[in-house]
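Colleague: I am new to this one. Could you show me the model, and let me ask how you know each thing?

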Amino acid sequence: MTAVRRRSLVTTDDLTDTAEELLGDGYRLALVAAHDEDPMLRVVYLFLAGRPDRRVELECLLPVRDPVLPSMAYMSFPAGRFEREMMDLFGIRLLGHPRPRPLVRHAHWPSDWHPMRAGAGAIPDFQGAGELRFLTVAGDGVYEIPVGPVHAGLIEPGHFRFSVVGETVVQLKARLWYVHRGIERLFQGRPVTGAVELAERISGDTSVAHALAHSLAVEDACGLIVPGEVHRLRAMLVELERLYNHAADLGALANDVGFGLANAHAQRIREDLLRMNAAVTGHRLLRGAIRPGGVVVRALPDPARLTALAADLAEVAELTLRNAVIYDRFAGTGVLSADDARALGCLGGPARASGLVTDARLDHPTIDLPVTEIAAASGDVLARYTVRRDEFAAAATLIADLVTNHHGPLRFTAEPREIRAGCGVGIVEGWRGTIVHRVEADHLGRLTRAKIVDPSWFNWPALPVAMTETIVPDFPLVNKSFNLSYAGNDL
């Protein structure tokens, strides 16, 4: 479906006024990408608004030597974080930022090393472990509890610093980027149609949605049009990915409050879904099915089987919430207000659980789909649980509709008619929320830049806010109710 697009080159003097006008008109800042094009740095700001789909890009040029940007942190919390990321990775100085402390950079990085700059060179020798610095909360009875970055089990690394009085959390600070892999740099130089495998591995449990966002961005850059039935098959795969992840989360939340039986049944349902995925695409995590210009599906899922699994999971959720102890643990715990969710720029389930209306399938559609909007208002663990429950049922219904109304082949592949330089944007509603990819390609058909924003980038700051005035023992439950991706954040 056609979006309304506008691109403008602005000066640093006009940047903040133009951005403030867009934010006032209902746009959100979805992405900021710096490009090293010696002797200039080019910074691209992508603003999005939905219903109808509108996209505005602002481009600003800076000198490679001593680049300085006026900060927009005073008007947008996400802008301030994007700016700190550029400061760390590109060495861009921020004029007027209230707290320009490192975001991606850890203390052991050399101070003059900015890995996304063209002349950054090889990875240097890191010196020492560095020091984690956090804002200290003082007062009678206040003490700190450090957790991580190494955790038990298979949890990825992240450090959490609790300032508490008794068991009540006064402040929680999170430190991430322990698994920063330089993913965006790895895209550079690859053929425009030859990098989808890398996109699938940005965040392993979101392989389909990231592959689709990357493919849409490449198709946009190359002017490649695919038929509506391809978009419908791709939408089906994204919903299958939503199903198995939501099933796992519903079980894990029950398990965190001691209801292991519900978790066992949820994991059984998840396993059935993973086996269905393997039959549909040949891969349990649905990898290899989506690529720029096409889709490859082996078989369609059985709508009757999906309906049965949806009823099965609905019963598990009903038994879980019928337990008064579990309901009491969920209700009123880890509350994220609508105002805080809006100010932080939250996306996906956490935003909808706090009453915000956001869904890229409706805001930025590639095809018209009968999407059921799901929302709650209380912003607590219970709301994030019920949003997942209801999204599971809606996704199963949507898949059944897509399968029943499918016409045509299950495989389709198209190549660009011509190699051309260009840029493109792909937007997908993954199971965690809205994913945005932006790519640029040269006249040789190679990627020169890929910028990726997983919804976890926007939602991680909400976790400490939701933990305020919550007791320490509830942290695993609140954390699981958000279930944010470390890998998707730590690119």
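Colleague: What classes of residue make up the lining of the largest cavity?

Modeller: The lining has 10 nonpolar, three polar and five charged residues. Nonpolar means Ala, Val, Leu, Ile, Met, Phe, Trp, Tyr, Cys or Pro; charged means Asp, Glu, Lys or Arg; the others, Gly among them, are polar. This is a predicted model: local features need pLDDT of at least 70, side-chain atom pairs need 80 or more, and totals for chains, interfaces and linings use all residues. Numbering runs from 1 along each chain as its sequence is written, and side-chain values use heavy atoms, with hydrogens and water left out.

Colleague: Why is a space called a cavity and not a pocket?

Modeller: On a 1 Å grid over the protein atoms alone, a 1.4 Å probe fits in a cavity but cannot get out, whereas a pocket is an open set with protein on both sides within 12 Å along at least five of seven lines. Lining residues have an atom within 4 Å of a point. Five cavities here reach 30 Å³ or more. The largest has a volume of about 220 Å³. Volume is the space filled by probe spheres set on grid points, which are joined across faces, edges and corners.

Colleague: Which residues lie nearest the centre of the largest cavity?

Modeller: Leu212, Ala235, Arg361, Thr366 and Leu369, out of 18 lining residues. H6 (228–256) is one of the elements that supply at least two residues. H6 also gives the largest share, six residues.

Colleague: What lines the second largest cavity?

Modeller: That cavity holds about 100 Å³. Of its 13 lining residues, Gly349, Pro350, Arg388, Trp431 and Phe482 are closest to the centre. Helix H11 (348–353), H13 and H16 each give two or more. H13 has the largest share, three.

Colleague: How do H13 and H16 cross?

Modeller: The axes of H13 (381–404) and H16 (475–482) come within 9 Å and cross at roughly 35 degrees. Axes are lines fitted to C-alpha atoms over the stretch in contact, with angles from 0 to 180 degrees between N-to-C directions.

Colleague: Which hand does the crossing of H13 and H16 have?

Modeller: It is left-handed. So the near helix is turned anticlockwise from the far one by less than a right angle; clockwise would be right-handed.

Colleague: Which residues meet there, in H13 and H16?

Modeller: Val381, Arg384 and Arg388 in H13 meet Leu477, Val478, Lys480, Ser481 and Phe482 in H16. Contact means heavy atoms within 4.5 Å. The set divides into four nonpolar, one polar and three charged.

Colleague: Where is Lys480 placed in the second largest pocket?

Modeller: Among the residues nearest its centre, with Leu154, Ile155, Asn483 and Tyr486. This pocket holds about 890 Å³. H6 gives its largest share, seven residues.

Colleague: How do you know the radius of gyration agrees with a compact globule?

Modeller: The rule is 2.2 Å times the number of residues to the power 0.38, and the radius is taken over C-alpha atoms. For 491 residues a compact globule would be near 23 Å; the protein has 22 Å, so the two agree.

Colleague: What makes Asp66 stand out?

Modeller: Its phi is near 60 degrees, a positive value in a residue other than glycine. Asp66 lies in the loop between E4 and E5.

Note on methods. Helix = DSSP H or I, 4+ residues; strand = E, 2+ residues; numbered from the N terminus.
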